[in-house]
Amino acid sequence: MQPIAIHAAFDSGNIETRRISGAQAWLELRPDPGNAFKQWFHFGISGAHGRELVLKIGDLNNSAYPAGWPGYHAAVTEDRLHWNRATSSFDANEDGGTLTIRYTPSGDLAWFAYFAPFSLERHMELVARSAAAKGVGHRVLGHSLDGRPIDCLELGEGEKHVWLFARQHPGESMAEWWMEGALAKLTDHSDPVARALRKAVRFHIVPNCNPDGSFRGHLRTNAVGTNLNREWDNPTPEQSPEVLAIRNAMDETGVHFAIDVHGDEAIPHVFLAGFEGMAGLQPHQQAGFDRYSALLDAQTPDFQTRHGYPITPAGRGNPAMATNQLAARYGCVSMTLEMPFKDHDDLPDPVQGWSAERSSQLGRSCLDALYRWLKES
């Protein structure tokens with residue numbers, strides 16, 4: 001029987017093949033430019049019908065987040081539409097740290113990924129569909145280093161400006177699934193919460209801040225290896241034109257409320273991170289953050305407040321990070337929303353783990369909480 005074939009020469013593809021023997025393969029991740037980060041993978045397999053695949057991804061002790069592998073199960077699909085989880089195990093002592101994925105496809109083809117991908121084609125469809133909805137405008141804030149547009153969708157009639165932006169870190173594809181859910185809600189004219197939100201605020205929505213890294217299969221960086229979420233204090237046309245374009249647009253409008261949408265490799269929970277370490281904050285900012293967190297906790301069991309990042313001590317906040325920069329620059333309530341690559345331990349799903357579908361639903365829930373937050377402001 002012929003050995004399986006492995007390929008990753010497609011949108012967001014990432015894997016390097018060491019060797020193949022029958023239905024087993026020994027693999028390695030391709031790092032972002034500069035070898036600073038590697039964790040994302042996305043590859044396809046052919047010739048797999050009726051065979052138990054044993055896929056070993058090695059050298060993971062040198063990945064960006066080694067703590068992300070224990071308890072993690074790879075995403076798998078056979079139809080490119082529905083993504084479930086394949087049984088996976090991690091051994092830190094095997095081949096420099098190895099994730100072993102076991103899966104028996106029902107057909108000849110299967111695809112595996114770190115999380116359900118959100119392709120550039122799907123991004124363009126999302127932008128086109130949303131821009132075609134009544135009352136929605138579109139503008140290009142700038143261009144990436146590879147020349148891709150930084151799309152911004154704008155809607156709403158209020159005087160308060162709300163910015164929602166995602167995928168500064170391109171491998172965190174759940175962030176754009178969140179955007180798909182949020183935009184579906186906001187453009188639904190039969191949804192009373194969406195109608196009230198559009199009346200109350202002006203939305204500025206950037207579904208993908210890093211289209212180059214997304215297409216190239218990077219984890220955290222753009223085309224030249226820049227981590228965009230460390231550029232907000234001094235973005236440049238040479239290293240971070242994506243951030244420069246977005247921040248310039250924010251300077252034009254001001255910011256009242258902002259969510260920067262991300263995924264976390266290690267923590268199996270949905271949580272928020274704030275701006276507590278920044279100097280010169282106003283009392284209403286922390287109060288507003290805490291109130292939104294409480295409202296979201298009451299809105300959905302997919303969010304919680306017990307687990308998350310340690311609070312940064314006062315005066316130690318990094319102004320190069322978006323949430324910190326926006327809070328200091330505009331005096332707004334800003335936050336980083338984190339979703340897991342693993343399952344959500346508070347409400348686990350053994351079939352899909354944390355999924356594209358739950359990310360989309362969380363986008364809707366976050367807007368429901370925002371409605372209540374604005375109503376109480």
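**View 1. The largest pocket of the predicted model, with a volume of about 730 Å³**. A pocket is defined on a 1 Å grid over the protein atoms alone, as an open set of points where a 1.4 Å probe fits, with protein on both sides within 12 Å along at least five of seven lines. Its volume is the space filled by probe spheres set on the points, which are joined across faces, edges and corners. Lining residues, those with an atom within 4 Å of a point, number 39 here, and Phe-271, Ala-273, Tyr-309, Met-321 and Glu-338 are the closest to the pocket centre. At least two lining residues come from each of strand E15 (257-264), strand E16 (271-273), helix H6 (283-299), helix H7 (322-330) and strand E17 (333-340). Helices (H or I, at least four residues) and strands (E, at least two) are DSSP runs, numbered from the N terminus. The lining of the largest pocket comprises 13 nonpolar, 17 polar and nine charged residues. In this classification Ala, Val, Leu, Ile, Met, Phe, Trp, Tyr, Cys and Pro are nonpolar, Asp, Glu, Lys and Arg are charged, and the others, Gly among them, are polar. Residue numbers start from 1 along each chain as its sequence is written, and side-chain values use heavy atoms, with hydrogens and water left out. Because the model is predicted, local features need pLDDT of at least 70 and side-chain atom pairs count only at pLDDT 80 or more, while totals for chains, interfaces and linings use all residues.

**View 2. The second largest pocket, with about 290 Å³ of space**. Of its 14 lining residues, Arg-80, Trp-83, Pro-117, Arg-122 and Trp-177 lie nearest the centre. Helix H2 (174-186) and helix H8 (356-376) are the elements that give two or more residues to this lining. The largest share, three residues, is that of H8. Six nonpolar, four polar and four charged residues make up the lining of the second largest pocket.

**View 3. The open five-stranded sheet, ordered E2-E3-E5-E9-E8 with mixed pairing**. Two strands pair if DSSP finds at least two bridges between them. Strand E2 (16-21) and strand E8 (87-91) are at the edges with a single partner strand each, so one side of each has no neighbour in the sheet. From one strand to the next, the twist averages 20°. Five antiparallel bridges link E2 to strand E3 (residues 24-28), and Ile-20 has Ala-25 of E3 as its bridge partner.

**View 4. The open seven-stranded sheet, ordered E11-E12-E14-E13-E15-E17-E16 with mixed pairing**. Strand E11 (137-143) and E16 are the edge strands, each pairing on one side only. The twist averages 25° from one strand to the next. E15 and E17 run parallel and share eight bridges, with Val-261 paired to Leu-337 of E17.

View 5. Strand E12 (residues 149-155) runs antiparallel to E14, joined by three bridges; Leu-153 is partnered by Ile-205 of E14. Strand E13 (residues 160-166) runs parallel to E14, joined by six bridges, and Phe-165 is opposite Val-206.

**View 6. Helices H2 and H7 across the strands**. H2 lies across E12, E13, E14, E15 and E17 and runs at about 140° to E15. H7 lies across E13, E15, E16 and E17, at about 165° to E17. Contact means heavy atoms within 4.5 Å. Axes are lines fitted to C-alpha atoms, for helices over the stretch in contact, and angles run from 0 to 180 degrees between N-to-C directions.
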